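Open your viewer and get ready to select a few residues. We will go from one stop to the next, looking at what is there.

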Amino acid sequence: MKAEIVRMIARGINGVAVNLFSLCDWSESGANCPGNPGGGGMSGYPGTLINMLNAAAAVDRRFKVLPMPDMSAGIKPSDLPNLWKAKIGGTTIYNHPNLYRWPDANNYPELSPFCTECFPASQYSAAFATMKANGTPISWAPTFGSLGCNGQVNGCVFSPYASLPTVSINGIQGVSADRTMAALALRNVGGASGGKTYGGGTPINWTGPVKLFGGMSPQGYQSGGGTVYEAQNSAAYRGAWESQIALGASLGNIMIFTWNDFGESTAVEPSSNQFGAPSTGYYDLTGYYTTWWRKGAAPQITNDAIMYFYRRQTYLAAHNATIPGLKARPTIPSWNLPAYDNIEMVAFLKADATLSINIKGVSQTQAGKAGLNVFTIPLVNGTPVFSIIRGGAATLTTTGFPTYGSGQIPSQTVPGLTICSSCFPAGIPDPVYYSGSTFAWSAGVDYYGGDLRTTTIASEDPNLCEQSCKADSSCKSWSTRGRSCWLKSSIPLPSLNATVISGAIPTPAK
């Protein structure tokens, strides 16, 4: 977790909301869940929230953790007061310095239950009274699982028991929907008509500035119900970011939904697919947009980089199979975007260049301008090779993972990886987007230790240090400062160092 937090900080992520499935997740001793791991650790071990707070405290006191009890998983409103009394070291969770607090005059810890609408307002009101009596008052940011603007003027639903005007604007509905939905939310909550309340109560007319808790997801596939939310490679994610950036001061925070278990498959952080190949494109793309969000302007591109996003198979291939353990075939809802069977290259260019995607010796090209460029070609069988060409030569090249077009993925065995029947076994079509990136280095991160040797590179360009590492089969990671380049025999636990840039060399899937 400490390593993950360092990587998140390097990409501009300054906190996490932790989904809590059971009381076990905020138990320091595990006493609340003997023999029942729930969503947290094992019996007798601390749960998810405790582990994350401990890791955050060890890395940076500024990295914040927001508890998100999952009210659809068995937690009741009456359980919530006990969260703040749980011990962590010599204090309670309520007083932990890494706990996220709403930045107003009260500065209370914030609680953001998922599926707030799963219980009536009266039960939360009783819990609020108990928390206040216990000396643990909170800021309240309900997260609704099924309520929203519904595309209608004054159609947003807000809770009458919310102390903060907060709403989540989901990014998975496509490129253009988010700005419209967010604009509706702003007008409904802050306007004269107010917003409709949860449960059909009197509309609320908020006064003062309205802050939205903007939410987005890079993609969506819920294997249990067989529902695919078409993300058009990275287009929905890029559109969601740019829509919310356009709202500017109206947003208090941006939350990226990253259910990283391939049961939801909205993962943004690096994760391995069923063949052991890492998926890093969405994660690295996040660094670009967090920089834009904070600076108020799109960041200048100082180094070329390539990201790619595509499925291993066409969507039709996924429809033509019966998948064991799933309730339904993968299906795109009628209100969502249609299937998009393309290979996408996102190129960051420091100067004009040509973008190239080569499959089976056939290259397709597109002229690119300095900045962010998007190039797509139809998804076909083969292994794409992505290149940036400038001055008649490839200045940057990376190879993607194999695709099978509309055909079946061949049976593969991955050593040490057991695949359940309700996941995607080898040979079963897969509608999930996978991704990759050449932007494998992190600014402000040091891989300290494990040095093979130190070299001097020709200029202060991290790509040169990375190239030196790739040229040595013993090199697994590298760190650079100025023209000094340290090549590493392992990937050490990262640490924060503002003057250092580091990267790891991915191990090819077998």
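Select cysteine 485 to begin: its relative accessibility is 0%, so it counts as buried (under 20% relative accessible area, with exposed over 50% and partly exposed in between, using a 1.4 Å probe and protein chains only). Before moving on, note that this is a predicted model, where local features need pLDDT of at least 70 and side-chain atom pairs pLDDT 80 or more, while totals for chains, interfaces and linings use all residues. Residues are numbered from 1 along each chain as its sequence is written, and side-chain values use heavy atoms, leaving out hydrogens and water.

A disulfide (a pair of cysteine sulfur atoms within 2.5 Å) joins cysteine 465 to cysteine 485, S to S 2.0 Å. Cysteine 465 lies in helix H9 and cysteine 485 in strand S28, so the pair ties together parts 20 residues apart in sequence. Helices (H or I, at least four residues) and strands (E, at least two) are DSSP runs, numbered from the N terminus. The torsion about this S-S bond of cysteine 465 and cysteine 485 is about 80°, so the disulfide is right-handed.

Next, select cysteine 469 and cysteine 475. Their sulfur atoms are 2.0 Å apart and form a disulfide; both residues are buried. Here the torsion about the S-S bond is about -100°, so this disulfide is left-handed.

Finally, show helix H9, residues 462-470. Its buried residues are Pro462, Asn463, Cys465, Glu466 and Cys469. Seen down the axis of H9, they fall within an arc of 160°, so they line one face of the helix (the arc is that of the directions from the helix axis to the C-beta atoms).
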